[in-house]
Amino acid sequence: MPTVPAGHPRRWAILGVLVISLLVVVLDNTVLNVALRTIADPGHGLGARHSQLEWAINSYTLVFAGLLFTAGILADRFGRRLSLITGLTIFGGASLVSAYAGSPDQLIAARAVMGLGAAAVMPATLAIITQVFEPGERGRAIGLWAGAVGVGTAIGPIVGGLLLEHFWWGSVFLINVPVVVAGVVLVAILVPESRDPRPGRIDVAGVLMSIVGLTLLTYGVISGGEDGFGQWYAWSAIATAAVVLTCFVLYQLRIDYPSLDVRLFADRRFSASSAVIGLTFFASTGSMFFGAFYLQLVRGYGPLASGALLLPLAVGQMVFAPLSATAVRRFGPKLVGLAGLTLIALSRVPWLLIDGDAPIGLVAASFFVMGVGMANVMPPATEVIMSAVPREKAGAGSAVSNTIRQLGGALGVATLGAVLSSAYRSHLGAAADGLPPTAAADARESISGAYGVAEPAGPAGAQLLERANDAFITAMHYASAGTLIAVLSAATALLWLPGWRPVPAPAATPAEAPVGDRGLPVGGGG
C-alpha cells in the first residue's frame, strides 16, 4: 500500500519564506488605506480626487480577484516556485513604480500591475505548503499561513502610520522592494520546484471565461458598494458575470481536461468549507471597514493609534492559528469551526451597543476575540479544502480558496458599506440643510464628507459633526447586525460538514509515488 510521502527536510524554513512572501502582499493593501488622505493632498501627495483614490484600491482588487484562479492553474502547469518568483518580481517592480508615480493615473496603473503579481504569489504559497508538508503537519503549517494573513492585515496600518510620520507617501510602496528582493533570493535557494506531472491540455476557453466572469463579478460588487446597488451598471456586471460563470461550469462538465473539476462542489467538505471561508471574510472585512471609520473619525484617533487598536486581532490569530491543528485532531474540524464562529459572533455583539464614549478597551477586546475566532475557523476550513483537492492540483485548489476569500471580503465591504451609507443618510436628517449645496451633498454622502466640510462651516459645523457622529453610530449598529447574520450563515454552512471527527489523512495518489529524495513526487520538478 503506498504511503504518504514524508515532509521536505527544509519544510519549516520554506514555510518561513512563504510567510514573508505572503506578508508583503497582504500588508500592502492595509498600508495603502492609511496613506490615502496624504495621497489626496495636492501639496504632500498627488492631489488625487476621491474617485481616483477608490480606483487606486479597486484596480488592484479587480486584477487580483480576476486572475487568482488562472494564476493557480498556471502554477500547477509550469511550476509553483516559478509562479512565486515571477509574482514577487512583478509585485516588487510595480511597487517601485507606484512609489514614484507622478500622477494618480500612473498610480492606478501601477497598482493594477501589483494585483497581477499578487495573484501569482498567493495561491503558489498555499500550494507549496501542500507539497512540502505531509498531512500530519499540514494543518499546523496552514494555521501559520492563515495567521500571517491576519497579522499582515492588522499591522499594516501601524507600519503605514510609522512610515508617513517620517517619510513621504511613496515610502508605503518603496518598503516592499527590499522585502521582495530578499524573498526572491530565499525562494530561489530554499523552495523546491513542483508541478502537476500530468497537466493535460490547456483549457484556454475555460481560463478566459473564468477571468471575464470573476472580473465582472468583482467590478459589480465594488461598483454596488461605492455607488449603490440601485445603479444599472452594478447589476449589469453582476448579471453578466453570473451568465459567464454558469457557462464556465457547464463547459467544465463537458470537457476532458477541465481547469477546475466543478464536481468538487458536490463534496460537502469542499462546498461547506468554501462557504465558511467566504462568509467569515464577509463578516470580518466588513467589520474592519466600518471599525476604521469609527476609530479615526468618531473617536479621533490618528492612523498609528487606530492601527495599534487592531493589534489584538493580529495577536489572536498569530497565537491561536498554529494551535488550531491540535484542536482539530482532538475534536474534529466541525466542532472547532463552530467554536470559532461562536467567538466571531460574540466579538460582534459589543458593536451593536458601542457609542461615542465606549471604553476603548472594549473595542480592543472585541478585535482580540474576533482574531481568536478566525484562528479556529480559517485554518481548518482551508485544510479541508486542500485535502479534498488532488495534490497535483494544489495550485487550483488554493486559487479557489483565495478567490472565495477575496470575493467574500469585497462583498462584505460592499454590502455592509451600503447598509452603513443608507442608514447614515436616513438618520442624518436635516443636519446639513443649512450648508451650501455642494457641502451639504458631501455631508450627506458619508461621515468623512461631513468632517471634510465641518471646519469651514463655523458654529454650524460643530452641530453637524454631533449629528453626523450620532447617525454614523446608529448606522454602525445596523451594519454590525449584518455581520452577525453572516456569521450565523457560516455556522449553518459548517453543519454540512460530515461527521465530527477529523478527515482521515489521504493515501498517496499515483502522482505522489514514488517519492524523490526531497519528499516530493518524482516528476514534480526540481
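Rings of Phe, Tyr and Trp (the last by its six-membered ring) are taken to pair if their centres lie within 6.5 Å, with planes under 30 degrees apart counted as stacked, over 60 as edge-to-face and the rest as tilted. By this rule the count comes to seven aromatic pairs, and ring pairs link Tyr294, Trp351 and Phe367 into a cluster. The structure is a predicted model, in which local features need pLDDT of at least 70 and side-chain atom pairs count only at pLDDT 80 or more, while totals for chains, interfaces and linings use all residues. Residues are numbered from 1 along each chain as its sequence is written, and side-chain values use heavy atoms, with hydrogens and water left out.

**Overall make-up**

- The protein has 20 helices and zero strands, where helices (H or I, at least four residues) and strands (E, at least two) are DSSP runs numbered from the N terminus.
- Of the 526 residues in the protein, 54% are buried, a term that stands for under 20% relative accessible area, with exposed meaning over 50% and partly exposed the range in between (1.4 Å probe, protein chains only).
- Taking a contact to mean heavy atoms within 4.5 Å, 82% of the contacts between residues at least 6 apart in sequence join residues at least 24 apart.
- The accessible surface comes to about 20700 Å², of which 68% belongs to carbon and sulfur atoms; accessible areas come from the Shrake-Rupley method with a 1.4 Å probe, and for residues only the protein chains shown count as cover.

**Aromatic pairs**

- A pair of aromatic rings is described by the distance of the centres and the angle of the planes.
- By the pairing rule the count is seven aromatic pairs, and Trp12 and Phe133 form an edge-to-face pair, at 4.8 Å centre to centre with 70 degrees between the planes.
- Trp12 lies in helix H1 (residues 11–40) and Phe133 in the loop between helix H4 (104–132) and helix H5 (135–166), so this pair ties together parts that are 121 residues apart in sequence.
- Trp12 is partly exposed, with a relative accessible area of 33%, whereas Phe133, at 1% relative accessibility, counts as buried.
- Tyr100 and Trp168 form a tilted aromatic pair, 5.6 Å centre to centre and with 40 degrees between the planes.
- Because Tyr100 lies in the loop between H3 and H4 and Trp168 in the loop between H5 and helix H6 (171–174), the pair ties together parts that are 68 residues apart in sequence.
- Tyr100 counts as exposed at 54% relative accessibility, while Trp168 is partly exposed, with a relative accessible area of 35%.

- Helix H3 (residues 80–99) has 20 residues and reaches 28 Å from its first C-alpha to its last, close to the 28 Å expected at 1.5 Å a residue, the expected span being 1.5 Å times one less than the number of residues.
- The buried residues of H3 include Arg80, Ser83, Leu84, Gly87, Leu88 and Phe91.
- An α-helix has 3.6 residues a turn, so residues three or four places apart point the same way.
- Helix H14 (residues 333–348) has 16 residues and spans 23 Å from its first C-alpha to its last, close to the 22 Å expected at 1.5 Å a residue.
- Among the buried residues of H14 are Val336, Gly337, Gly340, Leu341 and Ile344, and what covers the buried residues of this helix includes helix H10 (268–298), helix H13 (324–331), helix H15 (360–375), helix H16 (378–388) and H20.

**Individual buried residues**

- Ala493, in helix H20 (residues 459–494), counts as buried at 4% relative accessibility.
- Leaving aside residues up to four places away in sequence, Ala493 touches Ala272, Ala275 and Val276, and Ala493 is 10.0 Å from Ile277, C-alpha to C-alpha, although the two are 216 residues apart in sequence.
- Gln252, in helix H9 (residues 232–254), counts as buried at 1% relative accessibility, and its contacts, not counting residues up to four places away in sequence, are Asp203, Gly206, Pro258, Ser259, Leu260 and Val262.
- Val34, in helix H1, counts as buried at 10% relative accessibility, and the C-alpha atoms of Val34 and Val172, 138 residues apart along the chain, are separated by 9.2 Å.
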